[in-house]
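Biologist: Could we go through the pockets of this protein together, and then look at one of its sheets?

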Amino acid sequence: ISGDLRLQWYGKPGPYRMFDRHSYTTAPVYSSGRLFTLGEKILYANDAYNGRLLWEKELPSLEPRVNLPRDCGYMVTDRDHVYLAIENNCLEINARSGKTERKFSCPKINDEYDYNWGYAAMADGLLFGSSVRSGNFYTEGRGPWYDDSGFKKAQDSHKVLSDCLFAVDLAGNSQAWKYNGVIINSTIAIGGGRIYFVENRNPKVLQDKSRRLSGGKEWMALHLVALDVETGKLVWEKNMQFEQRTPVFFSTYKEDILMLLRSSTKSFDLRAIDAKSGKLMWDRQHGWENDNHGAHRRHPVIIGDVVYQQPRAYDLKTGEEKWSTSKVGVGGNCGTLSASSTMLFSRLSDYPGFIDLGEEMKKENLVEITRPGCWINIIPVGGMVLVPEAGSGCSCEY
């Protein structure tokens with residue numbers, strides 16, 4: 001399969017209006033042959049198969065919302081539209097023309113604060129969102145590395161929190177349900193007819209004006225919650241105990257298994273949760289490759305029955321170790337993994353690289369004319385591997 005990868009096109013958007021590579025902004029998205037890439041106050045739509053720029057949409061009110069390893073994605077697409085969170089709205093943008101067709105507003109939870117739309121996702125005809133107090137997103141898009149591993153600037157890894165989670169019925173153009181609670185944005189995941197998240201019920205956090213979770217005793221009142229996607233009603237909840245200092249905190253879902261990943265004290269802690277009941281199935285820990293350049297804040301990837309958490313991989317159902325990067329000589333470069341059904345993609349050198357997961361696992365460079373970003377910009381979709389520009393500002397040897 002790796003031998004089938006050949007350069008198909010090379011073109012816009014270039015680096016001119018793209019976010020700095022250390023910004024860690026939202027990943028590009030794809031649907032029905034169209035690639036959507038967000039830049040600084042602009043959204044691009046390209047033909048995924050020949051690179052033709054279909055349209056570009058100026059977004060003068062778009063702030064540079066960055067450091068998403070400590071926040072959440074805010075752009076999603078279906079066959080006909082792109083949904084993009086800007087200020088207190090989520091725009092419904094026609095995928096063919098780039099015109100805004102509708103705007104949805106996030107709920108205002110406390111009259112003392114203004115709110116912005118945080119999380120954005122779609123499932124079962126519902127648009128999901130969250131309300132974040134204005135001023136709590138990371139917006140310094142040029143300069144900070146946001147690379148805190150616990151021994152540097154602690155504020156770089158504080159987690160963005162929402163005051164509620166809600167769903168919009170797109171057909172009825174109305175709010176389907178709303179759940180009030182202080183929710184860690186990076187832990188929201190959807191699957192199996194349920195939406196999952198970690199909620200903080202610490203009295204100090206509830207009373208605090210800030211909606212960024214630090215690394216102190218505020219971590220001692222966490223609850224893993226599962227709601228019904230259609231109704232927002234509680235399915236189950238569990239008390240969770242975690243170390244008080246963690247650079248990243250993620251969740252992801254596959255086939256009634258919810259994976260929780262925290263990174264702390266030079267190691268990854270991976271927990272498999274039965275998504276129907278909330279019971280722990282297994283947990284594993286392994287060390288980082290290093291404590292900088294993103295090696296400590298990588299996101300898990302699930303392919304088939306294997307969960308990959310670089311530099312290790314485990315059987316999704318049993319936790320048995322299945323793989324190590326030592327087999328293919330992968331180092332600790334910036335970026336985190338994305339994947340197709342047969343390959344892993346990341347910045348495995350100064351260039352986009354892939355690991356072929358066939359019987360003879362091997363590492364190769366995909367193409368040497370572009371530099372991957374420091375978060376996620378390599379997306380295998382529609383039979384293609386698309387690598388829109390995300391290396392803007394790089395001073396590496398490349």
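This is a predicted model: local features need pLDDT of at least 70, side-chain atom pairs count only at pLDDT 80 or more; totals for chains, interfaces and linings use all residues.

Biologist: What volume does the largest pocket have?

Modeller: Its volume is about 1300 Å³. Among the 37 residues that line the largest pocket, Ala 27, Gly 73, Thr 252, His 299 and Ile 376 are the closest to its centre.

Biologist: Which strands each supply at least two residues of that lining?

Modeller: They are β1 (29–31), β5 (75–77), β9 (115–123), β13 (189–191), β18 (248–254) and β30 (379–381).

Biologist: And how much space lies in the second largest pocket?

Modeller: The second largest pocket holds about 770 Å³. It is lined by 34 residues, of which Leu 7, Trp 9, Val 385, Leu 386 and Val 387 are the closest to its centre. By class, this lining has 22 nonpolar, 7 polar and 5 charged residues.

Biologist: Where does the largest share of that lining come from?

Modeller: It comes from β31, with 3 residues. Both β27 (343–347) and β31 (384–386) supply at least two residues each.

Biologist: Now the sheet. What is the order of strands in the open sheet of 4 strands?

Modeller: The order is β22-β23-β24-β25, and the pairing is antiparallel. At the edges stand β22 (301–303) and β25 (321–324); each has a single partner strand, so one side of each has no neighbour in the sheet. On average, neighbouring strands of this sheet are turned by 25° against each other, direction ignored.

Biologist: How many bridges are there between β24 and β25?

Modeller: Strand β24 (residues 312–315) pairs with β25 over 3 bridges, in the antiparallel sense. Arg 312 has Ser 324 of β25 as its bridge partner.

How values were computed. Residues are numbered from 1 along each chain as its sequence is written. Side-chain values use heavy atoms; hydrogens and water are left out. On a 1 Å grid over the protein atoms alone, a cavity is a set of points where a 1.4 Å probe fits but cannot get out, and a pocket is an open set with protein on both sides within 12 Å along at least five of seven lines; lining residues have an atom within 4 Å of a point. Grid points are joined across faces, edges and corners, and a volume is the space filled by probe spheres set on the points. Ala, Val, Leu, Ile, Met, Phe, Trp, Tyr, Cys and Pro count as nonpolar, Asp, Glu, Lys and Arg as charged, and the others, Gly among them, as polar. Two strands pair if DSSP finds at least two bridges between them. Axes are lines fitted to C-alpha atoms, for helices over the stretch in contact, and angles run from 0 to 180 degrees between N-to-C directions.
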